[in-house]
Amino acid sequence: MSGPSSMRTPLERVRGLGSAHTGTSDFWRQRLTAVAMTLLIIPVIVVVIMLIGRNHAGAAQILGSIPIAIILLLFIVASVWHMKIGMQVVIEDYIHNEKLKIASVMANNFFCVAVALASIYAILKLSSGV
Amino acid sequence: MQTYRWTLTMALSIVHRATGIALYFGTLLLAWWLIAAASGPTAYANVQAFTGSAIGKLIVFGYTWALMHHLCSGIRHFFWDLGYGFKANEREALTWGALVAGIALTVLVWIIAYAVGGGR
């Protein structure tokens, strides 16, 4: 198909983005989120250490402050995205039964979206102070 | 598998994946903690009772190491992605560095955590 006699131009072949038709987007996003977390890890650890030994009122006040909420939201989005891609790679590497693989990839998506939305909802609730 | 001589980089490749999977399920603890903080004092006290228990501390310590190791091991992958560190001695040095740094950072974080939060 992509041999010398192909009628497809090189550009068209590139736009096909390979057999998965998504090209290197997962590869890129895995690195993007990894770099984001590398930058965010020190602020996140500082936040966690700030919370150690505090009661609920103290913790809720700290978690509800705007800069801390934003740091945690960024970290949650980056980490959940990163782990969704990572787990999918693991599934695709080890599960070869097609139906089980599709079910596992779906379960992975459900788990990651649930963890992300539950965490984001909690932070937004703490920020709005209700 | 038996045809390969087991090397440090191979072992750490598996550990990178294993810590990734551990962190994946560890986010449940993080989500539980945030939801509890949003729910109220009783729910938050439950989380604190768990993280303060012996088994809870062990899990959080293990989580800290998994995170620090995966981070350092991941930084090693950045070097490789950028095209550096592929010589035999460089590969070994990066891998040992990630292993040692992961453990060192874990201990450092816990020392700081106890020094800052221990008295509260």
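**Confidence in the model**

Chain A of this predicted model has an average pLDDT of 90, and 90% of its residues score at least 70.

**Exercise 1.** Determine which elements of chain A have the lowest and the highest mean pLDDT.

*Solution.* Among the elements of chain A, the lowest mean pLDDT, 74, belongs to helix α1(A), residues 10–15. The highest, 97, is that of α5(A). Where pLDDT is low, the predicted coordinates should not be read in detail.

**Exercise 2.** Describe how α4(A) and α5(A) pack, and classify the residues of their contact.

*Solution.* Begin with the geometry: helix α4(A), residues 66–94, and helix α5(A), residues 98–128, pack at an angle of about 175°, and their axes are 10 Å apart. Angles over 145 degrees count as roughly antiparallel, and α4(A) and α5(A) are therefore roughly antiparallel to each other. Next, identify the residues that make the contact, which include Leu72(A), Ile76(A), Val80(A) and Met87(A) from α4(A), and Val105(A), Cys112(A), Val115(A) and Ile120(A) from α5(A). Finally, sort the residues of this contact by class, which gives 15 nonpolar, six polar and three charged.

**Exercise 3.** Work out which elements of chain A give two or more residues to the side that touches chain B, and which of them gives the largest share.

*Solution.* Start from the totals: 25 residues of chain A are in contact with 27 residues of chain B. On the side of chain A that touches chain B, two or more residues come from each of α2 (25–51), α3 (56–63), α4 and α5 of chain A. The largest share, seven residues, is given by α5(A). By class, this side of chain A comprises 16 nonpolar, six polar and three charged residues.

Notes
Residues are numbered from 1 along each chain as its sequence is written. Chains are lettered from A and ligands numbered from 1 in the order in which they are written. This is a predicted model: local features need pLDDT of at least 70, side-chain atom pairs count only at pLDDT 80 or more; totals for chains, interfaces and linings use all residues. Axes are lines fitted to C-alpha atoms, for helices over the stretch in contact, and angles run from 0 to 180 degrees between N-to-C directions. Helices (H or I, at least four residues) and strands (E, at least two) are DSSP runs, numbered from the N terminus. Angles under 35 degrees count as roughly parallel, over 145 as roughly antiparallel, 65 to 115 as roughly perpendicular and the rest as oblique. Two residues are in contact if their C-beta atoms, placed from the backbone, lie within 7 Å. Ala, Val, Leu, Ile, Met, Phe, Trp, Tyr, Cys and Pro count as nonpolar, Asp, Glu, Lys and Arg as charged, and the others, Gly among them, as polar. pLDDT is the predictor's confidence in each residue, from 0 to 100.
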